[in-house]
Structure formats: C-alpha cells, structure tokens
Amino acid sequence: MYHGIINVYKEAGYTSHDVVAKLRGICRQKKIGHTGTLDPDAVGVLPVCLGNATKLCDMLTDRQKEYIATLQLGISTDTQDGSGKVLARREVSASPSEVRDVILSFVGDSMQVPPMYSALKVNGKKLYELAREGKEVERAARPITIYELEILEEAHPEYIIKVKCSKGTYIRTLCHDIGEKLGCGGVMVKLIRSKAGGFEIETARTLDQLQYLSDQGTLSEAVIPVEKMFEAYPAFSVKESAFKAIQNGNQLKRNDFVEETADMIDGQKMRVYSHQNIFYGVYQCDRKRELFLPVKMFFS
C-alpha cells in the first residue's frame, strides 16, 4: 500500500470523486481521499492522499489556494459559470478602470453566500440537488478571505484574474458578485486551480501519466512522503526506550529524545522519528507540564 500524497492534475470533465475512483485502480488500493472539490469543468491541482496520509486531508484542505479564473461580464447564469442557463444579458456600462477598481475591492475579509449549485447541505440535502428540482433556499453567508487578487489580462468585458483565497471560497460566486456590484452581471467561464495545499500546477501529473508510471512499476516516484508536509517543523528522534510510546501514540517526556529539547517553546510543533529514523507523527510542546503531546500520528 502507498502512503503519501500525489499531486494530481485534474482535467476537465472529471469530478474530484472520479479522480479518486480512477486512482484506486491505478494504485490498487482503496484508502484514498482528496483534499478539496473541484468542479467538473475546472482543471488544475488536486492533492490526493493515500494510505495513512488520508489523515492529512483536513489539514491540506484548510490551507489557502490559488486560482486563475476568466470572468465574463454582462451575463448571469443559474450556476454562476459558463455551463449554466443564461438568466440575463446586460450592457456593460462600466469602464475598464471602474471594473479594475471593483475587482480589487474584493481583497480582504468578507461574507460570501454560497451558490445553489454546490455540494453544501441544507437539512440533509445537497444544494445542487435542490437546484436541479428548481428550488432555491436561503443560504447563510460564510466568512472568506481574499488574500491577493491580481488582474492578469484585460479584454473588456472579459478579464483573467488570479485569486489567492481561504478555504471555502467559491470563485464563480466571486465572479458573480463582481458582476452584481458593477450592475451588469458576471460569470466564470474558465477556472484553473494553480496551487493548493502547498502543491503547484507545474508539478501536477495527469491520470494518464500516473497510469503509465503504475504500468512501469515506478508509481512511487509520484508519491510524496507525509513528512514532507511538515518540513517547517524541527525534527527529533526518540531513544529506543521510548519506541513503544510513539508506537502507541503516547505523550513523551524531555528525556525520551536523543536531541536536546530545551529550546522548544510552548505550543511549538515537531516531527518525531523512531530510533530507526522512521517518521511517526507530529507532536506539540507543552512547556508547563514538560511534556510533548501527539497532534497527528501517521505510522501504521
């Protein structure tokens, strides 16, 4: 069984679940999970976790993401993207300068109402299922953060924008909201996820490329070890006498480590290895109790 993360390039036409299903066949294992849904028409980075790395799914999903989107002004659709039913066509009276100002006004913290065509649930039913039945329900606005927003290309009334944002941000809703603020409507006609969970599009592999590696018996080349996700944390090894403690995911004491831990500050996280230099998990320093507490254990 493989344990680690594969940086998959999701192609158009596949759902995120399709990618996971195909990878189960490519990897010949069932324990696989993705780290954040991409719409079928969208392409780009989709980190997929294998084996004990599935414990990372929530952590990678929480990290900020980067998208490159094409915004078309003057159109509104029911899905807020180019695949939906056109609800209205309006004249774009705003100048390119006014459009730029409105686009950049969305940088920062805000509240966003998720679209009806989304996998969020209301009273146990997915919103897109209700939308397909012709129903629209009230959705609570959710806090999002746009960290950076850059206009890459202008072909008024079409704009290509790069967005760095928080978890839970809908880029098609951002395009819709920009259009509404301009009074002409707007839809997202193309979406590329260029970064997610620390992974970049330049190193992403397609399913065909991964199938080829699998056929050649070299798929492990594409599997990134779990410990790579925590390279920013200092690494410590336990003595052989403490091996059973990390095997069981127990707390550790200062004298359980080979290295000196006196410089560790309260709350600081660390990578913990066995005496045989095998990565076991992430621990956190509790200075008051002079203990190191398990945060996430990965070795199985």
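## The second largest pocket

The second largest pocket of this predicted model has a volume of about 230 Å³, where a pocket is an open set of points on a 1 Å grid over the protein atoms alone at which a 1.4 Å probe fits, with protein on both sides within 12 Å along at least five of seven lines. Its lining, meaning residues with an atom within 4 Å of a point, consists of 14 residues, and Thr77, Asp78, Leu87, Met116 and Glu136 lie nearest the centre. By class, this lining has five nonpolar, five polar and four charged residues; Ala, Val, Leu, Ile, Met, Phe, Trp, Tyr, Cys and Pro count as nonpolar, Asp, Glu, Lys and Arg as charged, and the others, Gly among them, as polar.

Residues are numbered from 1 along each chain as its sequence is written. Local features need pLDDT of at least 70 and side-chain atom pairs count only at pLDDT 80 or more, while totals for chains, interfaces and linings use all residues, and side-chain values use heavy atoms, with hydrogens and water left out.

## The largest pocket

The largest pocket has a volume of about 990 Å³, a volume being the space filled by probe spheres set on the grid points, which are joined across faces, edges and corners. It is lined by 34 residues, and Thr37, Asp39, Ala119, Tyr170 and Arg172 are the closest to its centre. The lining divides into 12 nonpolar, 12 polar and 10 charged residues.

At least two lining residues come from each of helix H1 (16-27), strand S4 (65-73), helix H4 (127-132), helix H5 (171-182) and strand S12 (186-196), and S12 gives the most, with three residues. Helices (H or I, at least four residues) and strands (E, at least two) are DSSP runs, numbered from the N terminus.

## Two helix pairs

H1 and helix H6 (residues 207-216) pack at an angle of about 10°, with their axes 10 Å apart; axes are lines fitted to C-alpha atoms, for helices over the stretch in contact, and angles run from 0 to 180 degrees between N-to-C directions. H1 is therefore roughly parallel to H6, a term for angles under 35 degrees. Their contact (heavy atoms within 4.5 Å) joins Val19, Lys22, Leu23 and Ile26 of H1 to Leu207, Leu210, Gln211 and Ser214 of H6, and these residues comprise five nonpolar, two polar and one charged.

## Backbone features in two loops

Most residues other than glycine have a negative phi, and most peptide bonds are trans. Gln80, in the loop between strand S5 (75-77) and strand S6 (86-89), has a positive phi of about 70° although it is not a glycine.

The peptide bond from His156 to Pro157 is cis, with omega near 10°, and Pro157 belongs to the loop between strand S10 (142-155) and strand S11 (158-165).

Technical notes: Parallel < 35°, antiparallel > 145°, perpendicular 65-115°, else oblique.
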